[in-house]
Amino acid sequence: MNPMATPQPYYPHYDPLRDTSPGTGMDYAPTYWRYHAGEPPENDGPVNANMEADVVLIGAGFTGLATALFLAREYGIKATVLEANQIGWGCTSRNGGQGHLAWGRLSRSQWVKKWGADTARRLHANSLEGFEVFKAMAEDPAIDCDPQHQGNLLIAHSKQAFEGLKSESDLCNSVLDYKTRLLDRNTVLDEYIGDQECHGALLEPVGIPVQPLKLAYGYARVARKLGAKIHTASPVQSWTTEGGVHYLRTPGGVVRTRTVGIATAGYTSPNLHKLTAYRNMPIMANSVWTRTLTDDEIEACGFRSTMIVTDTRKLRHYYRYLPEKRLQIGTRSAISGADAQNPKHLRTVQEAIARKFPALEGIETPWFSHGWMDISHDMMPRIVQPDSKQQVFYAQGYSGNGVSFSAYASKKLAALIAGGTIAESDLPIFSSPLPSHPLRPIRRLGQRALYKYFQLLDSVR
Ligand SMILES: Cc1cc2nc3c(=O)[nH]c(=O)nc-3n(C[C@H](O)[C@H](O)[C@H](O)COP(=O)(O)OP(=O)(O)OC[C@H]3O[C@@H](n4cnc5c(N)ncnc54)[C@H](O)[C@@H]3O)c2cc1C
């Protein structure tokens, strides 16, 4: 029996830079994943009295849930997860399900430029090792999240972008020994996907698409089976600390604990804690899912693979042909929560569908949703204890690539929370807290100007 049976209506205008909490017991955003995943797993209902916990994790997305799982499985620590709304309510239920080999948002050539070839090689090795953590979870029958073909296709939307992919592929192959392949337009169209905008592609060997909400539900089921508690409809509304004890106030009671892991990503309100305030720029991305396609449409669109696909636009599109014969596709969206439902954002995606797959022009898209990604100010994620004097930890800043990274981040976050050390602690994902940004108060103004500029660049074919 799920004690939180009747959710509050979904509010689409939530804005992390304006609102103090992402709601209480709100229903899920309207996604195909929610429809497809069936009923959420049981949870422990809202906090309804003052209580004590060994470890509290704030947020029940991939990060909070998988950290609870690893804490229980590897250290015997039964954490309490406090979630404002529902299991997987944030980005976790709204993303493309693309499990990439991506640690943050920088390309591998940017790693080399920023830190040199040696650190880039070590980061790459770390990402391959970390991806195995995700793969094991995705392929675990107890988690049951419909993992698909391996690989990742980055499609050039212009001739110039294809030149860029050539040098990226060269660097991957020669500096990192990561065997990527360049594909010409005809190979992409004949063997993978009939994207009419394609000028060629880079094929990475690593990548697993999943049904993301089923992944989160799987994490939740396993974590609870191992003794974790998951309280939904329990937003942390204020947080005080005295003598090393944290008091987390929720509508139903105060939870006392000595150790907190913050797993609120793009939904982190600035008032939650000083250590996470304004450390990410919340950026909105959206997604649509089409109705089931007919066999003629599938043939006309050349959907021959369910591999994960992204194009090279600055405001990139990410898409997948799903095993259930639908197209899922999304891109960047509104800048503020207030503008989230502006029909122009849906129109942008529908226009992309028509350009890429003309046979689907005007197709019904019964599901349209958006979510707030945690884009870090240097595009790299962090898994840290930001202040050694406080038992407060976080894994954040995934920068739009959290499906696979969150599995590894959670394993490492669990290790830190359990008092362990991290062997690769000098790597950029562990070695410093998330940076803030000097122009933070006016970053949205900059974002508006940047989007206009990107749209111009993206229109060049
Ligand atoms: C449209 C879209 C498409 C994406 N596609 C991809 C993709 O294909 N591949 C990929 O790798 N990544 C993708 N991402 C990013 C990915 O979804 C995220 O990186 C990932 O889900 C982050 O998981 P999380 O658990 O850290 O945070 P979230 O899933 O965002 O969870 C944070 C949770 O914290 C809760 N919370 C916040 N404040 C409080 C509080 N005070 N008290 C209690 N609870 C609180 C929220 O309710 C929320 O449920 C996409 C994101 C979006 C929006």
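**Sheets, a helix pair, and open space**

Met51 stands opposite Val255 in strand E12. That is our way in.

Quick ground rules. This is a predicted model, where local features need pLDDT of at least 70, side-chain atom pairs count only at pLDDT 80 or more, and totals for chains, interfaces and linings use all residues. Residues are numbered from 1 along each chain as its sequence is written, and side-chain values use heavy atoms, with hydrogens and water left out.

Element names next. Helices (H or I, at least four residues) and strands (E, at least two) are DSSP runs, numbered from the N terminus. Two strands pair if DSSP finds at least two bridges between them.

Back to that residue pair. E1 and E12, residues 253–257, pair in the parallel sense over two bridges. They belong to an open sheet of four strands, ordered E1-E12-E11-E10, with mixed pairing. Its edge strands are E1 (51–52) and E10 (238–242), and each pairs on one side only.

Now the six-stranded sheet. It is open, the pairing is mixed, and the order is E9-E3-E2-E13-E20-E19. E9 (229–231) and E19 (382–384) are the edge strands, each pairing on one side only. From one strand to the next, the twist averages 20 degrees. At one end, E19 pairs with E20 (residues 392–396) in the antiparallel sense, over three bridges. Val384 has Tyr394 in E20 as its bridge partner.

One reminder while we look at strands. In a regular strand the side chains alternate between the two faces of the sheet.

Next, strand E5. Which way do E5 and E7 pair, parallel or antiparallel? Antiparallel, over four bridges. Leu153 has Leu203 in E7 as its bridge partner. E5 and E15 run parallel, and four bridges join them. There, Asn152 is partnered by Ile308 in E15.

On to the helices. H3 (residues 108–115) and H4 (residues 117–138) pack at an angle of about 135 degrees, and their axes are 7 Å apart. Axes here are lines fitted to C-alpha atoms, for helices over the stretch in contact, and angles run from 0 to 180 degrees between N-to-C directions. H3 and H4 are therefore oblique to each other. The scale: under 35 degrees is roughly parallel, over 145 roughly antiparallel, 65 to 115 roughly perpendicular, and the rest oblique. The crossing of H3 and H4 is right-handed, that is, the near helix is turned clockwise from the far one by less than a right angle.

Now the open space. The search uses a 1 Å grid over the protein atoms alone: a cavity is a set of points where a 1.4 Å probe fits but cannot get out, a pocket is an open set with protein on both sides within 12 Å along at least five of seven lines, and lining residues have an atom within 4 Å of a point. Points are joined across faces, edges and corners, and a volume is the space filled by probe spheres set on them.

The largest pocket has a volume of about 1,500 Å³. It is lined by 47 residues, and Arg105, Thr312, Arg313, Lys314 and Arg316 lie nearest its centre. Elements giving two or more residues to this lining include H3, E5, E7 and E15. Which element gives the most? H11, with eight residues. By class, the lining has 20 nonpolar, 16 polar and eleven charged residues. For the classes, Ala, Val, Leu, Ile, Met, Phe, Trp, Tyr, Cys and Pro count as nonpolar, Asp, Glu, Lys and Arg as charged, and the others, Gly among them, as polar.

The second largest pocket holds about 620 Å³. Of its 22 lining residues, Leu315, Arg332, Thr348, Tyr451 and Gln455 are the closest to its centre. H9 (343–356) and H11 each supply at least two residues. H11 has the largest share of this lining, six residues.

Last, the cavities. The whole structure has five of 30 Å³ or more.
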